[in-house]
Amino acid sequence: MSKSLGNVIDPRDIIGGATLQRLQFPQGIPACGADPLRLALLSQNCHGAEIRVDVEEVLSQRRFCNKVWNGLRFVLGALEGGFQPPHPEQVVPGDPMERWVLSRLAGTVSECSRRLESLEFHMALGAVQHFWLRSFCDVFLVGGTLSG
């Protein structure tokens with residue numbers, strides 16, 4: 001896309017949305033917000049000066065942000081009022097599911113650290129998203145101690 005030819009999408013149109021009349025997209029661009037745009041930019045494996053962001057990728061990241069919000073809301077709703085989290089060094093998992101999710105989290109932290117040190121931001125984001133979607137939400141929340 002060339003800024004001089006006028007075929008560049010303004011990031012503000014992705015964050016706040018834009019109607020079909022303003023753009024050349026069949027359905028316009030729905031409002032996605034700044035965080036999904038940031039995640040879409042981070043998800044790109046860029047080796048040069050150009051980043052090609054597809055609006056569908058931003059929409060996918062918006063769905064991920066929504067999944068994070070819903071997961072946190074579910075967990076906070078399951079906790080009793082006045083809950084104070086223990087210091088991380090005092091956490092002792094009580095059942096196999098808790099041990100499993102904490103081991104998956106430790107692996108994700110390790111993977112993220114390794115990827116960030118290598119400046120592979122897209123791979124670090126992928127590790128976090130995989131943990132959140134596949135381990136935390138799909139297994140721990142659905143079949144774990146919070147839902148039972």
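A salt bridge is a side-chain nitrogen of Lys or Arg within 4 Å of a carboxyl oxygen of Asp or Glu. Arg 114 forms one with Glu 111, with the closest N and O atoms 2.4 Å apart.

This is a predicted model: local features need pLDDT of at least 70, side-chain atom pairs count only at pLDDT 80 or more, and totals for chains, interfaces and linings use all residues. Residues are numbered from 1 along each chain as its sequence is written, and side-chain values use heavy atoms, with hydrogens and water left out.

**Overall fold**

The chain has five helices and zero strands. Helices (H or I, at least four residues) and strands (E, at least two) are DSSP runs, numbered from the N terminus. Along the sequence the pattern reads α-α-α-α-α. Of the 148 residues, 24% are buried. Buried means under 20% relative accessible area, exposed means over 50%, and partly exposed lies in between (1.4 Å probe, protein chains only). The chain exposes about 10,300 Å², and carbon and sulfur atoms supply 58% of that area. Accessible areas come from the Shrake-Rupley method with a 1.4 Å probe; for residues, only the protein chains shown count as cover. Among contacts (heavy atoms within 4.5 Å) with a separation of 6 or more, residues 24 or more positions apart account for 50%.

**Salt bridges**

The whole structure holds five salt bridges.

| Pair | N to O distance |
|---|---|
| Arg 114 and Glu 111 | 2.4 Å |
| Arg 115 and Glu 111 | 2.9 Å |
| Arg 115 and Glu 120 | 2.8 Å |

Glu 111, Arg 114, Arg 115 and Glu 120 are linked in a network of these bridges. Arg 114 and Glu 111 lie three residues apart in helix α4 (residues 96-117), so about one helical turn separates them. Arg 115 and Glu 111 are four residues apart in α4, again about one helical turn. An α-helix has 3.6 residues a turn, so residues three or four places apart point the same way. Arg 114 is partly exposed, with a relative accessible area of 44%. Glu 120 is partly exposed too, at 26%.

**Helix α2 and its cover**

Helix α2 spans residues 34-42 and contains Leu 42. Pro 36, Leu 37, Leu 39 and Ala 40 are buried in α2. They cover an arc of only 165° around the axis, so they sit on the same side of α2. The arc is that of the directions from the helix axis to the C-beta atoms. Their cover includes α1 (11-16), α3 (55-78) and α5 (121-143).

Leu 42 counts as partly exposed because its relative accessibility is 40%. Leu 42, Leu 116, Leu 119 and Phe 121 make a nonpolar surface patch of about 380 Å². Patches are made of residues with over 30% relative accessible area and no salt bridge; like charges are joined within 9 Å, nonpolar side chains (Val, Leu, Ile, Met, Phe, Trp, Tyr) within 5 Å.

His 122 is found in α5. His 122 counts as buried because its relative accessibility is 18%. Leaving aside neighbours within four places in sequence, His 122 contacts Leu 42, Ser 43, Gln 44 and Asn 45.

**Nonpolar core**

A nonpolar core is a set of buried Ala, Val, Leu, Ile, Met, Phe, Trp, Tyr and Cys residues joined through side-chain atoms within 4.5 Å. The largest one has 11 residues, including Leu 39, Phe 64, Val 101 and Trp 132. Both α3 and α5 supply at least two residues of this core. Helix α5 gives the most, with seven residues.
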